[in-house]
Amino acid sequence: MPDSLQLQLCDIQGRLFELSLTKNYASEQFIAVFMKSKTAADYGLKYNRLQWAGEEYLLEELADECKDKLAVGTLFSKDEMFWIGYTYCYWHFLTGESSKKILAQASPKTMKRAYAGMHTMDMQLAIEDLKKLANTD
């Protein structure tokens, strides 16, 4: 289970995903771009300066790194985006899996569909269920 500092990082990542809505970045595309980015890989390291820079700075870093891949488009809800960002980060700290590996198991579409039934679940149980879904898709 993630420690208290890691839970703070989960919160920051959730807020980062929410913040993408203010730029009107297509949610599905934003999530995939972030999860495959160097920014996400660095964010998951044991210690990286990005972890404490805040969601605004993270969004700027991602925009600089992936400017050609981010576009305006269909948005998920604020609650969905926070939950997806938080859950992906929690998943990383729980299992040690990379953001790319997590994305391969739970796409943005899968996470959006799962939100309604899983957003109130214990995070560890939700991740176990998401992993089971990945094995049946």
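**Salt bridges**

Author: The side chains of R15 and E55 form a salt bridge, at 3.0 Å from N to O. Keep in mind that this is a predicted model.

Reader: Where do R15 and E55 lie in the chain?

Author: R15 is in helix 1 and E55 is in helix 4 (residues 55–66), so the pair ties together parts that are 40 residues apart in sequence.

Reader: Is E55 buried or exposed?

Author: E55 is buried, with a relative accessible area of 11%. R15 is partly exposed, at 29%.

Reader: What does D11 pair with?

Author: D11 forms a salt bridge with R15, and their closest N and O atoms are 2.2 Å apart. The two residues are 4 apart in helix 1 (residues 4–19), which means about one helical turn separates them. D11 is partly exposed, with a relative accessible area of 28%.

Reader: Different topic. How many salt bridges are there in the whole structure?

Author: A search of the whole structure finds 5.

Reader: Which residue does K112 pair with?

Author: K112 pairs with E80 in a salt bridge, with the closest N and O atoms 3.0 Å apart. This pair links distant parts of the chain, with K112 in helix 7 (residues 108–118) and E80 in helix 5 (residues 78–95), 32 residues apart.

Reader: And how accessible are K112 and E80?

Author: K112 is partly exposed, at 34% relative accessible area, while E80 counts as buried at 11%.

Reader: Which residues are joined into one network?

Author: D11, R15 and E55 are, through salt bridges that share partners.

Terms used
Residues are numbered from 1 along each chain as its sequence is written. This is a predicted model: local features need pLDDT of at least 70, side-chain atom pairs count only at pLDDT 80 or more; totals for chains, interfaces and linings use all residues. Side-chain values use heavy atoms; hydrogens and water are left out. A salt bridge is a side-chain nitrogen of Lys or Arg within 4 Å of a carboxyl oxygen of Asp or Glu. Buried means under 20% relative accessible area, exposed over 50%, partly exposed in between (1.4 Å probe, protein chains only).
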